[in-house]
Amino acid sequence: MGARAREYYILFSFLTLLAISSAFQGKKQYKPCKSLVLYFHDIIYNGKNAANATSAIVAAPEGANLTILAGQFHFGNIAVFDDPITLDNNLHSKPVGRAQGLYVYDTKNTFTAWLGFSFVLNSTDHQGTINFLGADPILAKSRDISIVGGTGDFFMHRGVATIMTDAFEGEVYFRLRVHIKFYECW
């Protein structure tokens with residue numbers, strides 16, 4: 001084998017080895033560029049708690065009232081909210097912002113909702129908004145929803161929020177633990 005052929009053979013062997021090794025690396029694991037955990041507390045208006053309520057049913061199936069969630073997995077209910085956000089799971093802790101948006105109960109055969117909301121943060125640590133969209137299969141222990149953007153400290157950030165129901169008291173109060181992981185930070 002001549003010198004030129006040997007060079008081509010070595011180059012071909014190297015490229016083949018590189019292709020094979022990259023094919024077996026598996027899924028690439030991404031690391032968040034920024035991460036934080038926050039809690040939001042939702043108190044739905046039930047006709048008796050106007051002073052404390054942070055959310056209200058604004059649409060319901062025909063014939064239903066706006067102070068009681070509909071039967072059959074709350075299908076057809078739409079609620080808007082303006083909930084306090086805290087750094088811990090205590091409703092009475094100092095809020096670091098507000099969760100503002102809506103949830104739509106959109107399935108007839110299980111508890112699930114579609115969420116569209118923003119975290120509006122105004123604390124010494126964080127200023128700006130984080131915008132969330134996605135399905136929430138409520139009965140799952142943890143679920144992921146998309147972070148589609150933000151403003152201020154979170155300008156053009158995107159990522160995933162893992163939410164968990166941290167507390168649930170009947171159909172009046174729930175608390176969500178929201179683990180925010182940004183994978184695109186500007």
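The chain has one helix and nine strands. The model is predicted. Read from the N terminus, the order of elements is α-β-β-β-β-β-β-β-β-β. Of the 186 residues in the chain, 34% are buried. Contacts between residues at least 6 apart in sequence were also examined; 48% of them join residues at least 24 apart. The chain exposes about 11200 Å². Carbon and sulfur atoms supply 59% of that area.

Strand β6 has pairing partners in β5 and in β7. Strands β5 (residues 113-122) and β6 (residues 127-136) run antiparallel and share ten bridges. One of the bridge pairs sets leucine 115 against glycine 134 of β6. The link from β5 to β6 is a hairpin of four residues. On the pairing with β7 (residues 142-150), the sense is again antiparallel, over four bridges. Here phenylalanine 132 stands opposite isoleucine 147 of β7. A hairpin of five residues connects β6 to β7.

A nonpolar patch lies on the surface. Its members are Trp114, Leu133 and Val148, with about 250 Å² of accessible area together. Leucine 133 belongs to strand β6. Its relative accessibility is 36%, so leucine 133 counts as partly exposed. In a regular strand, side chains alternate between the two faces of the sheet.

Serine 55 presents a buried site. This residue lies in strand β2 (residues 55-59). Serine 55 counts as buried because its relative accessibility is 4%, under the 20% cut-off. Its side chain makes a polar contact with the side chain of aspartate 42, at 3.0 Å. Beyond neighbours within four places in sequence, serine 55 touches Asp42, Ile43, Ile44 and Tyr45, together with Val80, Phe81, Asp83 and Tyr103.

The count of salt bridges comes to four. One of them joins arginine 98 and aspartate 82, with the closest N and O atoms 3.1 Å apart. This pair links distant parts of the chain. Arginine 98 sits in strand β4 (residues 97-105) and aspartate 82 in strand β3 (residues 78-86), 16 residues apart. Both residues fall between the 20% and 50% limits and so count as partly exposed. The relative accessible area is 29% for arginine 98 and 33% for aspartate 82.

A salt bridge also forms between the side chains of glutamate 184 and arginine 158, at 2.7 Å from N to O. Glutamate 184 is in strand β9 (residues 173-184) and arginine 158 in strand β8 (residues 158-169), so the pair ties together parts 26 residues apart in sequence. Glutamate 184 is partly exposed, with a relative accessible area of 33%. Arginine 158, at 44% relative accessibility, counts as partly exposed too.

Arginine 175 and aspartate 166 meet through their side chains in a salt bridge of 2.5 Å, N to O.

Key. Residues numbered from 1 in each chain as written. Predicted model: local features only at pLDDT ≥ 70, side-chain atom pairs only at ≥ 80, totals over all residues. Heavy atoms only, no water. Pairing = 2+ DSSP bridges. Helix = DSSP H or I, 4+ residues; strand = E, 2+ residues; numbered from the N terminus. Patch = residues over 30% accessible without salt bridge, like charges linked within 9 Å, V, L, I, M, F, W, Y side chains within 5 Å. Areas by Shrake-Rupley, 256 points an atom, 1.4 Å probe, with all protein chains shown as cover. Buried < 20%, exposed > 50% of the residue type's maximum accessible area, 1.4 Å probe, protein only. Contact = heavy atoms within 4.5 Å. Polar contact = N/O pair within 3.5 Å; in protein donor to acceptor, adjacent residues only side chain to side chain.
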